[in-house]
Amino acid sequence: MQLTFDRSVFALIALAAAGLFGSTFSADYDVPSFGGDVSTVFTPRIFIALIFLLSVFLLITSKAAGAPRENLSRREVTKLLGVAAVSLAVAFALPEAGFVATASPGMFLFCLFFGYRRLPVLVLNSLIGPFAVWYLFSRLLELPLPETHWISF
């Protein structure tokens with residue numbers, strides 16, 4: 001199977017979805033539900049599983065599209081490996097370090113890998129964005145995201 005851009009993206013999405021799906025079974029997500037027997041991660045697990053299955057399907061059938069494919073350049077392979085490494089680091093650090101502490105550097109590095117170079121805006125968005133998402137889910141919607149004892153608001 002030839003390494004092409006579309007196959008690489010589909011494989012990366014499948015790996016990220018598998019990591020996210022697996023992480024929802026940790027004790028950090030075992031929180032009281034809203035009076036029912038269904039966990040708060042029941043619906044996200046369905047969507048993550050669908051993302052995984054769709055990306056695997058697209059990975060397998062990508063050659064059937066018939067369009068000419070270009071091989072990835074060394075720079076593109078490096079970028080994909082960097083994004084994969086950041087994705088794995090964020091996924092594994094999330095339960096231990098908490099959402100804000102992992103999403104901030106993760107967002108910063110993702111944006112750098114994809115070519116965003118306005119550093120003041122990038123730093124500001126990488127700090128405010130994850131905190132705003134955490135506040136929205138954890139405090140306003142009361143759907144807790146992972147926290148730690150050393151970074152707790």
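Predicted model: local features only at pLDDT ≥ 70, side-chain atom pairs only at ≥ 80, totals over all residues.
Colleague: Starting with Ser8: is it buried or exposed?

Modeller: Ser8 is buried, as its relative accessible area is 9%. Buried means under 20% relative accessible area, exposed means over 50%, and partly exposed is in between, using a 1.4 Å probe and protein chains only.

Colleague: And where does Ser8 lie?

Modeller: Ser8 lies in helix H1.

Colleague: How much of the protein counts as buried?

Modeller: 25% of the 153 residues. As for contacts (heavy atoms within 4.5 Å), take those between residues at least 6 apart in sequence: 60% of them join residues at least 24 apart.

Colleague: Let's switch to H3. Where does H3 bend?

Modeller: At Ala91, by about 25°, with a proline, Pro95, following within four residues. The bend at a residue is the angle between axes fitted to the seven residues ending there and the seven starting there.

Colleague: What span should H3 have?

Modeller: Helix H3 covers residues 74-97, and its 24 residues at 1.5 Å each should span 34 Å; the end C-alpha atoms are 33 Å apart, which agrees. The expected span is 1.5 Å times one less than the number of residues.

Colleague: Which residues of H3 are buried?

Modeller: Leu80, Gly82, Val83, Ala84, Val86, Leu94 and Ala97. Just after H3, Gly98 has a positive phi of about 90°.

Colleague: You mentioned Pro95. What is the C-alpha separation between Pro95 and Ser26?

Modeller: 7.9 Å, though the two are 69 residues apart along the chain. Ser26 sits in the loop between H1 (5-23) and H2 (42-61), and it counts as partly exposed because its relative accessibility is 24%.

Colleague: Now H4 and H5. At what angle do they pack?

Modeller: Helix H4 (residues 99-113) and helix H5 (residues 119-140) pack at about 145°, with axes 9 Å apart. Axes are lines fitted to C-alpha atoms, for helices over the stretch in contact, and angles run from 0 to 180 degrees between N-to-C directions.

Colleague: Which residues make that contact?

Modeller: From H4 they include Phe99, Met107 and Phe108, and from H5 they include Leu122, Phe131 and Trp134. The contact residues split into 15 nonpolar, three polar and no charged. Here Ala, Val, Leu, Ile, Met, Phe, Trp, Tyr, Cys and Pro count as nonpolar, Asp, Glu, Lys and Arg as charged, and the others, Gly among them, as polar.

Colleague: And which residues of H5 are buried?

Modeller: Leu122, Ser126, Pro130, Trp134 and Ser138. The buried residues of H5 pack against H4.

Colleague: What about Gly115, where does that lie?

Modeller: In the loop between H4 and H5. Gly115 is partly exposed, at 44% relative accessible area.

Conventions. Residues numbered from 1 in each chain as written. Heavy atoms only, no water. Helix = DSSP H or I, 4+ residues; strand = E, 2+ residues; numbered from the N terminus.
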